[in-house]
Structures are given as structure tokens and as C-alpha cells.
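Open the structure in your viewer and keep the selection panel handy.

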Amino acid sequence: MFEARLTQGALLKRLLDSVKELVTDANFDCSETGISLQAMDNSHVALVSLSLRAEGFNPYRCDRGFSLGVNLNSLNKIMKCAGNEDVITLKADDSSADSLCLLFENSSNERVSEYELKLMDIDQEHLSIPETDYDATVMMPSAEFQRICRDLMVVSESVTIDVSKDEIKFTAEGELGTGNVKLKPTSTIDKPEESITIELGQTVSLQFSLKYLSNFTRGTPLSDQVMLCLSDNMPLLVEYKMDIGYIRYYLAPKVGDE
Amino acid sequence: MFEARLTQGALLKRLLDSVKELVTDANFDCSETGISLQAMDNSHVALVSLSLRAEGFNPYRCDRGFSLGVNLNSLNKIMKCAGNEDVITLKADDSSADSLCLLFENSSNERVSEYELKLMDIDQEHLSIPETDYDATVMMPSAEFQRICRDLMVVSESVTIDVSKDEIKFTAEGELGTGNVKLKPTSTIDKPEESITIELGQTVSLQFSLKYLSNFTRGTPLSDQVMLCLSDNMPLLVEYKMDIGYIRYYLAPKVGDE
Amino acid sequence: MFEARLTQGALLKRLLDSVKELVTDANFDCSETGISLQAMDNSHVALVSLSLRAEGFNPYRCDRGFSLGVNLNSLNKIMKCAGNEDVITLKADDSSADSLCLLFENSSNERVSEYELKLMDIDQEHLSIPETDYDATVMMPSAEFQRICRDLMVVSESVTIDVSKDEIKFTAEGELGTGNVKLKPTSTIDKPEESITIELGQTVSLQFSLKYLSNFTRGTPLSDQVMLCLSDNMPLLVEYKMDIGYIRYYLAPKVGDE
């Protein structure tokens with residue numbers, strides 16, 4: 001028996017929204033400690049990893065580990081039927097679960113919606129992601145990162161990210177010309193959600209696909225801040241942290257002069 | 001001579017909007033007592049009936065009954081040229097009316113707009129709709145009904161409506177799974193626009209096309225509340241009541257297991 | 001060396017927006033006194049003339065006159081990357097300028113964006129527009145003019161503008177019927193932005209393409225008021241005046257009964 005009730009249902013809606021463009025089908029792995037999802041994107045270039053702690057739900061109940069294979073597009077359609085103020089409860093039988101039950105309750109009026117989503121068998125190898133000490137770790141407003149990705153797509157399909165001790169620089173070069181955006185670390189303590197911080201082991205300069213980065217920024221509504229972790233020859237990690245867990249995107253840098 | 005002046009012009013704009021998707025051409029029947037329109041939808045499945053009382057206009061003048069054949073799409077285009085604060089006056093000569101005159105006046109500035117819409121001859125049998133004692137009559141917030149129709153379309157093209165004494169339930173079943181929404185009668189007297197009431201002779205369970213119901217919910221801006229009247233083997237009646245009259249939609253239930 | 005810094009960067013964004021639908025490529029002519037642009041629209045029917053005074057910028061520096069050939073579509077894309085609160089600086093080397101540098105600075109955070117737009121050689125004859133004494137000069141709210149153009153497009157592709165001492169009338173005639181909007185001069189001194197004034201030498205009645213007029217109304221966000229200047233057999237002048245300069249559109253009247 002699996003049951004997880006989330007008072008802030010809107011969070012689940014946003015989470016789904018931040019994954020569904022990248023991944024079509026995926027397993028939600030449920031265990032005593034929480035719910036997680038890990039999947040390569042459809043073109044096997046990026047990796048998404050999602051984790052929600054059991055403590056974030058009330059109640060949370062999962063007797064033993066099992067997997068719920070879900071078509072994320074269908075799940076997202078159903079999630080859109082939940083109001084932003086709704087309490088959402090997920091339910092499944094662990095043994096013979098062939099459907100996921102979603103319950104949307106709105107305290108303000110007497111409405112209760114209940115959806116049953118058919119489950120599917122999904123073969124998925126679980127990639128272990130090694131913990132890494134990154135050369136550069138940048139924290140910045142997530143909306144700012146989103147905007148930079150969107151703006152530079154005007155110029156090119158790729159962006160080069162340069163991180164030094166006192167600046168992070170995004171550069172794009174294309175047919176109509178070039179563009180770059182430079183950010184400096186802030187010292188504003190009064191608005192932590194607008195702060196920009198750089199932790200640097202050594203400077204990095206890496207190039208990434210803007211299409212993927214833009215896709216990752218669908219996580220923007222989940223958190224005021226985004227964390228970018230970069231190391232030479234390592235996949236970039238883009239993380240949005242929530243009270244209840246996190247979503248992480250990984251993307252390998254572009255190589256050569258392509 | 002026909003003349004009808006409506007201070008709240010926005011109401012006419014919304015009315016047009018609630019009809020134009022269902023019906024292309026229709027007669028506005030003008031008489032001493034008011035204006036009415038009755039038409040089958042283009043695929044002859046649903047019926048729309050609109051009635052505006054003479055007392056709702058100021059002044060209202062119509063010497064003897066006659067019909068104005070109108071292309072609703074064209075009329076709607078012209079109506080969009082009226083500001084939401086405009087006073088709207090409709091005018092026509094009763095005898096040789098080959099056009100409908102629409103006057104839009106905005107008190108705040110010195111603008112007067114005047115449109116002449118060409119009329120057309122429309123053959124239309126007038127269906128008499130018998131007054132019916134329905135098995136179940138439900139009053140509920142119109143926005144809630146709109147939302148339920150929109151949500152359940154995710155799951156299926158049909159919805160089953162079950163009404164019992166203490167619950168109205170909307171159920172849809174499709175390829176991705178099932179969905180249902182249950183509403184209970186409310187007891188809130190302080191917010192009548194949010195109340196849900198059920199008057200029941202006997203329980204009903206009927207299935208309808210969601211495409212049509214969704215179309216009917218274009219009447220939502222006309223009224224805070226919608227009335228659903230159901231009886232076995234009878235067309236569903238969906239009514240939006242306004243100070244000045246009403247719009248009613250009729251839809252036959254689906255039969256069998258289609 | 002050319003450099004022009006504008007505190008209200010949003011103004012440049014709106015200016016671009018008001019030109020880019022009409023003209024694809026154009027020269028920005030920079031001189032000691034300011035920046036100007038003059039171009040026929042792509043189908044050689046309308047003329048756009050833009051002028052920005054040096055005093056509107058701070059600082060403004062331009063040692064000697066020269067031209068920057070720009071693809072307005074590309075420039076507009078880059079302009080969209082400027083925030084509405086950004087300070088915008090334009091820079092170019094006068095001698096060998098093969099690119100225009102755009103600098104977007106946001107005071108509230110530490111972001112600086114820098115774009116380089118490739119320039120192009122554009123052959124452009126400079127038309128001298130003779131100063132004219134117009135028969136009729138109308139000042140009216142720009143939003144009102146925009147709305148009239150949009151509304152009457154429902155009826156026809158052409159509009160006839162009639163100006164007399166005490167009224168300006170816009171008339172359109174088409175298949176679905178006719179429409180006209182009449183405006184009277186206002187006497188409200190307290191809201192100058194809503195005032196309508198008519199200066200008349202002699203009455204005029206001229207017909208114009210609504211498609212072009214609608215296009216001109218993209219200048220609406222630049223100014224509360226628009227000026228229409230009409231004379232028989234002369235191009236209509238539509239002007240939006242800003243603190244920093246103006247944008248003028250010219251359009252020849254339609255002839256005959258076309």
C-alpha cells in the first residue's frame with residue numbers, strides 16, 4: 001500500500017511541468033524514504049533526477065519499495081485538473097498496482113476529484129550518479145538564468161559559460177552577431193533570493209546546448225534560486241531545490257568547435 | 001420600427017459569444033415582449049434558446065412581431081467593436097428591414113460608432129419546447145461546471161452525470177484511465193453564487209458529449225450559477241439566467257455503450 | 001566614434017517595434033544632431049521617418065556623420081533581450097564600423113549584457129519630404145485611433161476619413177455591411193492626453209488602406225496622442241511625438257472607386 005498526501009498540490013503540478021518536455025515515460029520509485037525518478041531524456045543527451053522526501057508528505061506510507069511506470073504526458077494532463085489550492089493524494093497498491101490513483105481535494109468547496117491513471121511497464125536501468133567535487137558552483141536567481149537562456153537563443157543554439165572568481169559570463173555567437181551576459185557576485189544579504197554567489201576551485205569555460213538549458217529552466221517556478229555546478233569534461237549539473245526535495249538536470253558539455 | 005437600447009452593452013457581447021460556436025445563422029424574433037432566438041446547432045444535435053425581456057432595455061420599442069435573419073459570425077465581429085462600457089442600441093425598420101443597425105456609444109468620450117449589418121432570409125421551423133418536470137435539478141457555480149467539463153475532456157469525449165440526493169457526480173472513462181468529480185450540496189447561505197443545490201424527484205444517470213457541454217459553458221460569463229435539469233430519456237437542459245433573460249441549451253443523452 | 005546612451009531603454013524597444021513590420025533593412029543615419037532613419041516600406045507604398053535628437057541621450061557623441069545599415073528584424077530580436085528597466089547604450093566605430101554594439105545595463109542587479117549586431121551595406125536614396133500646410137490636422141488619443149483601425153478592419157480593407165470643423169468620421173464599407181465611427185472635438189482641458197482637436201483649412205475626404213494604418217498604430221505605445229495631417233491629393237501624415245523625437249508615417253490616399 002502506497003499513499004502520499006501533499007498539502008501544496010501546486011508543487012506537484014510544477015514538478016511534472018519541469019520534467020514532461022524531456023522525458024516521455026518514467027518510473028516513480030517509491031520507498032520508505034520517499035519518491036524518486038531518474039531518466040535520460042528522449043534523445044539520451046540529458047539526465048533528469050527528481051527526489052521527494054517522505055517527510056514532505058503528510059501522511060506518507062510505503063511499506064516496501066516498488067516502481068510506478070508512468071506516461072508523464074498523461075500524468076501531466078491529469079495534474080492540470082488539480083486546482084492550484086488543491087490537496088493532492090497519490091495512492092497505489094504495491095503488489096498488483098496497474099493504476100495510480102490521484103485524489104484532488106479543495107477545502108474551500110465540496111469538490112472531490114479522483115483520477116485513475118493506467119500504469120505501464122518501463123525497462124529502465126538505474127544510472128548511479130557519482131558525487132562530484134565541482135570546479136565551480138554558482139548560485140543565482142532562477143528567473144535570471146531562465147532569461148539569459150531565452151535571450152541568448154536569439155543569437156545561437158549554443159552558449160559558453162565562463163566562471164571566474166568574480167564573474168559568470170554567458171556567451172553566444174551566431175549569424176546575426178554575438179551576445180554575452182555577465183553577472184557579478186552580489187553582497188545583498190537582505191534579499192537572499194536575488195543573490196549571486198560563486199564558489200570556485202578553478203576557472204571553467206564550457207559550451208552547452210541552449211535548447212537543453214532552456215528546457216531545464218522549466219524548473220524555474222520550483223525555486224527562487226538555481227545552482228549550476230561545472231567541472232571540466234564533466235556534465236553540468238543544474239539543480240532546483242525545494243523544501244520537499246530537489247530536481248537535478250545533467251548535461252554533457254559540447255566538445256570541439258561544433 | 002424596432003429599437004432596443006441596452007446600457008450594459010457588454011452583456012450582448014457575451015451573449016453572442018455564447019451562441020456563435022454552435023449556430024451560424026439564426027433569426028432574432030422581435031416582438032412587443034422582447035427578443036428571442038431559437039436554433040439547432042449546425043450538426044442538429046443541440047438546441048439553443050435565447051430570450052431577452054423588453055423590460056431589460058430602455059427604451060424598447062417594437063410595434064409588431066418580425067424576424068431579423070443574422071449571420072452570427074458577422075454580428076459577433078461587429079459586436080467586438082463595441083467597448084465593454086458602451087451603451088448598445090439595436091435598430092431596424094420592421095417592414096423592409098434588410099439591415100440591422102447597431103449603435104455603440106461611449107459616454108466618457110465623444111465617440112459614436114454605427115454599424116449596418118446586412119440581413120438574410122433564414123428558413124427556420126420554430127420548435128416548441130414542452131415544459132418538463134425534471135427528475136433532477138442542480139444549481140451550481142457556472143465556473144465549476146465549466147472547469148469540470150474542461151478537466152474531464154482530458155480523459156474522454158463523454159461524461160456520465162449521476163445525481164442522487166446528496167451528490168452530483170461526473171465520470172469519464174478513456175484510454176489513459178478514468179476520472180470523476182463529486183460535488184456535495186452546500187449550506188453556505190452567505191455566498192449564494194457559490195452554492196450547490198440538488199432538487200431530486202428520482203436519481204438519474206445519463207451520458208453526454210463533453211464537446212457539446214464544453215461549448216455550452218461559453219455561457220459562463222453570463223451568470224455566476226448554472227442550472228442543470230435532467231430526466232431519463234430527456235434532453236439535458238443547461239440554463240444561464242441573467243437579469244434581462246436567459247440562455248438555454250438542450251442536449252440529448254447518449255444511448256447504449258457507445 | 002559613435003556612442004548614445006538612453007536611460008529609458010524601453011523607448012528604443014517600442015520604437016523598433018513600430019518600424020519592423022514595415023521595413024526590413026534600413027540605415028540609421030547618425031550625426032552630431034542625432035539619429036534618424038527614413039525608409040519606404042517593403043512594398044514601396046508607405047514611408048517611415050524616425051528622428052531622435054542628440055539631447056535625448058546622455059551622453060551622446062558622434063564626431064561626424066555616418067550610416068549604420070541594419071536588419072531591423074535582427075535588431076529587434078536583440079532589443080527584446082533588453083529589460084524594460086535597462087539603460088541601453090549604442091556604440092559603433094565610425095570609420096570601419098562593421099557591427100553595432102548594444103549594451104544593456106540593469107542598475108538593480110549586477111547584470112550587463114552586450115550584443116554585437118553585424119551591419120550591412122544598404123543602398124538607400126534619401127527622399128526629401130517637403131514641409132506641407134495641411135488642409136486638416138487632427139490630434140486624438142493614439143489608443144482611440146488604433147482601436148478604430150482595428151474595428152473597421154472587420155468591415156473592409158479601406159477606410160474613408162472625413163474631416164469637417166466639428167467632426168472626424170471614419171467610414172468602412174464591405175460585404176457584411178458598413179461601419180462608421182464619429183469623433184467630436186473635446187473641451188476637456190484636465191486630461192490633455194484624451195483630448196481631440198481639429199484644425200481645419202478646408203474639409204477633406206480621403207480613402208486609405210486599413211492594413212497600412214493599422215501597421216502605423218504600432219506606434220501607439222510611444223505617445224498618448226497621435227496627429228493625423230490630411231490634404232487633398234497628398235499623402236496622409238501620421239505622427240507619434242516623443243520627448244526625444246518623433247516617428248512619422250506617410251501613406252498615399254487610394255484613388256478612384258477601387
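## A guided tour

Start by selecting B:H44, which lies in the loop between β3 (34-40) and β4 of chain B; helices (H or I, at least four residues) and strands (E, at least two) are DSSP runs, numbered from the N terminus. B:H44 is not a glycine, yet its phi is positive, at about 55 degrees. Most residues other than glycine have a negative phi, and most peptide bonds are trans.

Before moving on, note that this is a predicted model, where local features need pLDDT of at least 70 and side-chain atom pairs count only at pLDDT 80 or more, while totals for chains, interfaces and linings use all residues. Residues are numbered from 1 along each chain as its sequence is written, chains are lettered from A and ligands numbered from 1 in the order in which they are written, and side-chain values use heavy atoms, with hydrogens and water left out.

Next, select B:N58 and B:P59: the peptide bond joining them is cis, with omega about 0 degrees. B:P59 sits in the loop between β4 (46-53) and β5 (60-62) of chain B.

Now show chains A and B together. Here 18 residues of chain B are in contact with 18 residues of chain A (heavy atoms within 4.5 Å). How much area do chain B and chain A bury between them? The value is about 1,500 Å², 47% of it on carbon and sulfur atoms; buried area is the accessible area (1.4 Å probe) that two parts lose on being put together, summed over both.

Zoom in on B:R147 and A:D86, whose side chains form a salt bridge at 3.9 Å, N to O (a side-chain nitrogen of Lys or Arg within 4 Å of a carboxyl oxygen of Asp or Glu). The count between chain B and chain A is two salt bridges. On the side of chain B that touches chain A, α3 (142-152) and β13 (177-183) are the elements giving two or more residues. Of these, β13(B) gives the most, with seven residues.

To see one position, select A:V112, which stands opposite B:K182 in β13(B).

Notes. Pairing = 2+ DSSP bridges.
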